[in-house]
Amino acid sequence: MNHLPWLQSSLPCLLLLLIFSHPSYGDVGTAAQYSPPFLPTACYGYDPGQFPSSNLFAAAGDGIWDNGAACGRQYLVRCISAAEPGTCIPEQVIQVRIIDYALQTASPPSYDGTTMVLSDTAFGTIANSTATSMNIEFQQI
């Protein structure tokens, strides 16, 4: 006698949910990209030492700028989706350092109003660099 018929009928759906889901540990937002020139920045002016050797850096949008307190913060960032299918590089996570304010970058971002504007190197590491924006998951570290 089967006492849990609902479990038996729901088992395939539960298994698919477990297979295709993954834990989320951060916030969700959007990202654009920008290219040189990067100087001056709102955080460090003309100091060339502000750039990580990896060139993985970003400008903070209004949502995380925090009146400049975001300067120097580091975030783990990954692409989770975009308007154009296939934009994200699956399972690729980068660590970026905030060096600028998105509304004051020396060069214009590829898309306005995003949570972060990633350097072209950072953007291209987690997504197809021809995209103008993407949805991201990010976590301050």
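**Disulfides of the predicted model**

**View 1. The C43–C71 disulfide and its handedness.** The torsion about the S-S bond of C43 and C71 is about -80°, so this disulfide (a pair of cysteine sulfur atoms within 2.5 Å) is left-handed. The sulfur atoms of C43 and C71 lie 2.0 Å apart. This is a predicted model, in which local features need pLDDT of at least 70 and side-chain atom pairs count only at pLDDT 80 or more, while totals for chains, interfaces and linings use all residues. Residues are numbered from 1 along each chain as its sequence is written, and side-chain values use heavy atoms, with hydrogens and water left out.

**View 2. Accessibility of C43 and C71.** C43 is buried, with a relative accessible area of 19%, whereas C71 is partly exposed, at 24%; buried means under 20% relative accessible area, exposed over 50%, and partly exposed in between (1.4 Å probe, protein chains only).

**View 3. The C79–C88 disulfide.** The sulfur atoms of C79 and C88 are 1.9 Å apart and form a disulfide, and with -55° about the S-S bond this link is left-handed. C79 is buried, its relative accessible area being 7%.

**View 4. Both disulfides in the whole structure.** A search of the whole structure finds two disulfides, and when the bonded cysteines of the protein chain are numbered in sequence order, the pairing reads 1-2, 3-4.
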